[in-house]
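Reader: I would like to go through the terms used for this model and the values behind them. Please set each value against its cut-off.

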Amino acid sequence: MRQNALTSDTCLTLHKIETKYGNVVEEVESTLVNTGFPPHDWVVTENYAIFMATPAGGDLTPFLLGFKGPAECISFQKKRNTIVHFVPRKQQEEESGSASDKRRSVVDSMSIELPVALHPVHFANAWEEEPTTTTTTSSKKTIVSKMAEQGESLLGSWSKIKGGNFEGVPVQQLMRIVIKTTSGETGEERLEKSIAVEE
């Protein structure tokens, strides 16, 4: 996975590995558009690799110069929602090569914008029915929107964190995201309703 230096797109390659010897037998290349902050976790279903893009971006110059940590340079963007990218795992167009070569293909990802701004951190599971359902941990939409308005970095106040106080770090919640890939309809719900978290 690599970030395009001129756009906010993320280029990625999926590798299919055969189990006996661990050789790569297929590569699928795709681009996730509008991902200023590339996803660091994903989930795989029978037909898709699924990535959720946080509505965030930033300037890594202070990190490269040694002034800040990488997460301190990234903040949520105002009035942007989370985008879910579906990358097809099946071969669509094969490049020429001998029969012994690994297969390569380039596929277009399907991008569906959720009606909310979430900060998905890690996936728990995903499965394909109609609709496709995935579970993920995420900061609440109200927290993401508030932090975007205030221009805070991903983890909030770094002065407190550096002092060992993690109270300002948003609590991650288990969320169920339901997406109808045929129509683009979406839904989301918090699953950890027993945990007392500020709404």
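Reader: What makes Trp42 partly exposed?

Author: Its relative accessible area is 43%. Buried means under 20%, exposed over 50%, and partly exposed in between (1.4 Å probe, protein chains only), so Trp42 counts as partly exposed. This is a predicted model, in which local features need pLDDT of at least 70 and side-chain atom pairs count only at pLDDT 80 or more, while totals for chains, interfaces and linings use all residues. Residues are numbered from 1 along each chain as its sequence is written, and side-chain values use heavy atoms, with hydrogens and water left out.

Reader: Is Phe51 buried or exposed?

Author: Phe51 has 1% relative accessibility, so it counts as buried.

Reader: How many aromatic pairs are there?

Author: Rings of Phe, Tyr and Trp (its six-membered ring) pair if their centres lie within 6.5 Å; planes under 30 degrees apart count as stacked, over 60 as edge-to-face and the rest as tilted. By this rule there are two aromatic pairs.

Reader: Why is the pair of Trp42 and Phe51 called tilted?

Author: The ring centres of Trp42 and Phe51 are 5.8 Å apart and the planes stand at 35°, so the pair is tilted.

Reader: And why is the pair of Tyr48 and Phe86 called edge-to-face?

Author: The centres of the Tyr48 and Phe86 rings are 5.3 Å apart and their planes are at 75°, so this pair is edge-to-face. Tyr48 lies in strand 5 (residues 48-53) and Phe86 in strand 8 (residues 83-88), 38 residues apart, and the pair links distant parts of the chain. Strands (E, at least two residues) are DSSP runs, numbered from the N terminus. Tyr48 and Phe86 are both buried.

Note on methods:
Helices (H or I, at least four residues) and strands (E, at least two) are DSSP runs, numbered from the N terminus.
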